[in-house]
Structure formats: structure tokens, C-alpha cells
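Try each task before you read its solution.

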Amino acid sequence: MHRLKAARETDDGGVGLASADACGVGLASAEASGAGSSRSWRGAGRLLPTPTGTPFTFCYALVLVATSLFAEYGDAATVSALLHGSSTDVAHLSRTPLLVLVASALWVAGGLFSPYAIGFVFVLTALERRIGAWRAAAVFLVGHVVATLATEIPVALSVLAGHLPHTSLHRLDYGISFGLMASVGALAGLLNPMARAVVLAWVSVMLLQDLLALEDPLSNWGHPLALLVGVGGWPLARRAARRRQE
């Protein structure tokens, strides 16, 4: 009887220990799963702008959301007046160049769900995380300004030469696409060779399709120029990225 009781106590203890071990394994698995999910969410979160991690992209994106919503739901006459007042056409560039160069970059052609708006969020976020807010802003601004002037100055010269009508001096031109293309070019230089080749090939094909369509030749030529501006800044971008990693 004593031996049977002892055996039962031993068996019960073994079962208890096994149960405790099973619970421990379960808790460990749950913790590991939770940690993995947390890391996944953090990794996904790095693709989007945040106030502290990417302040330039985050604040700029808020501005673009506001102007896009206004363009969609605001008074049509007011929206049209603001867009024309923000246009980087030759007439405005000759009178208030700094004002329109800034104002034209506050609007998204095509709205919030256009490829440019979506590309802005992911490209600028990735670029800013690698080189910092001020440098990312500089890349965007330089690309925007250089490509704008490179496409509008020929218009002015063509009007003076009589090859284009005077109405060309007032062509509507606004949006973030030039700055975005420069940012794509700069970001490509910070990727591994395979990813860099894929990004540049994909963007080049899209730009070539736009050029062949001839829907807006001046703006379409500005996009590859802006892309080259970003590519030309690879040495500076890579130096900045190395400094942030040190």
C-alpha cells in the first residue's frame, strides 16, 4: 500500500512537472511569437513617415494631404485660382520665382491616390531615414528647382524666337513629381546593386513610356532630368548615410 501510494505520488508529481514544462514551453512560444510580431510591426512601421523618425517627410505629407483634400472638396473657382497662382510657368517665374517654386510643390497632381503621392510617402521616408531630414529636403528641392528651370527656360526662349505662342508663357505647371524623381535617383544609390538596378530600370521604363506618349513633352523631359540630379548626388548621399551609421 505504501509503495502504491508512493508510486501515485511520483506519477502525480511527474505529471505536474510535465504540465509545468508544457506551460513553460507554451509561454516561451507565445513570447517568441509576440516578439516576432512586434518586430514585424516595427519593420513595417519604418516604411511610413513618423514625427520623430522622418520629420520632413511626415510634415510635408500632412501639407500634401491638406492641399489635396482642399483641391478635391474646396470651391472650384478658388482651387483653380490657387493652382494657377502656384504654377511655375514662365510668366510667374519671371515675376515671383521663389514664391511659385515653393507653392508649386505644395500640390499633388492627380490627388492623394496618384502614383506620385504614394511614391512620395515610401521613397522620401526611405531616403530620409538613410541621410537625414535636411539632406532629404535638399535633394527634393534641388531636383524640383533644376528640372523646373530646365523645362521652362526653353519655353521662354522658344516664345522669344517665335516658335511657340505667347500662351505658352502661362502653361499650368505644378506638383511634386520632379522632387520625387530626384529622391528616387538619390535613394537608388543607397541600395544594394540588385535593388538599384531594378529600381532604375523600372523607373526608366515608366519615364520612357511617358516620353513616347507625348502627352506633356516638357514635363516628361523634366522627370529624367530630375532623376539624373538624384543620381549625380550619389557620392554626397552615400557619405551622409555612412555618417549616420557611425
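Two residues are in contact when heavy atoms of theirs lie within 4.5 Å. Keep in mind that this is a predicted model.

**Exercise 1.** Find what Asn 220 is in contact with, leaving aside its neighbours within four places in sequence.

*Solution.* Start with the location: Asn 220 belongs to helix α10. Next, list the partners, which are Asp 210, Leu 211 and Glu 215. Now look at the side chain of Asn 220, which reaches the backbone oxygen of Asp 210 at 3.0 Å. Finally, check the burial: buried means under 20% relative accessible area, and Asn 220 has 8%, so Asn 220 is buried.

**Exercise 2.** Work out which residues of α11 are buried and how they are placed around the axis.

*Solution.* Then pick out the buried residues, Trp 234, Ala 237, Ala 240 and Ala 241. These cover an arc of only 130 degrees around the axis, so they sit on the same side of α11. On the other side, Leu 236 and Arg 243 are exposed. The cover over the buried residues includes α6, α7, α8, α9 and α10.

**Exercise 3.** Which residues have the most contacts inside the largest nonpolar core?

*Solution.* The core has 34 residues, and those with the most contacts inside it are Tyr 60, Phe 120, Leu 127 and Ile 131. Helices that each supply at least two residues of this core include α2, α6 and α11. To finish, follow Ile 131: beyond its neighbours within four places in sequence, its contacts include Ala 237, Ala 240 and Ala 241, which are among the buried residues of α11.

Note on methods. Residues numbered from 1 in each chain as written. Predicted model: local features only at pLDDT ≥ 70, side-chain atom pairs only at ≥ 80, totals over all residues. Heavy atoms only, no water. Core = buried A, V, L, I, M, F, W, Y, C linked by side-chain atoms within 4.5 Å. Buried < 20%, exposed > 50% of the residue type's maximum accessible area, 1.4 Å probe, protein only. Helix = DSSP H or I, 4+ residues; strand = E, 2+ residues; numbered from the N terminus. Arc of directions from axis to C-beta. Polar contact = N/O pair within 3.5 Å; in protein donor to acceptor, adjacent residues only side chain to side chain.
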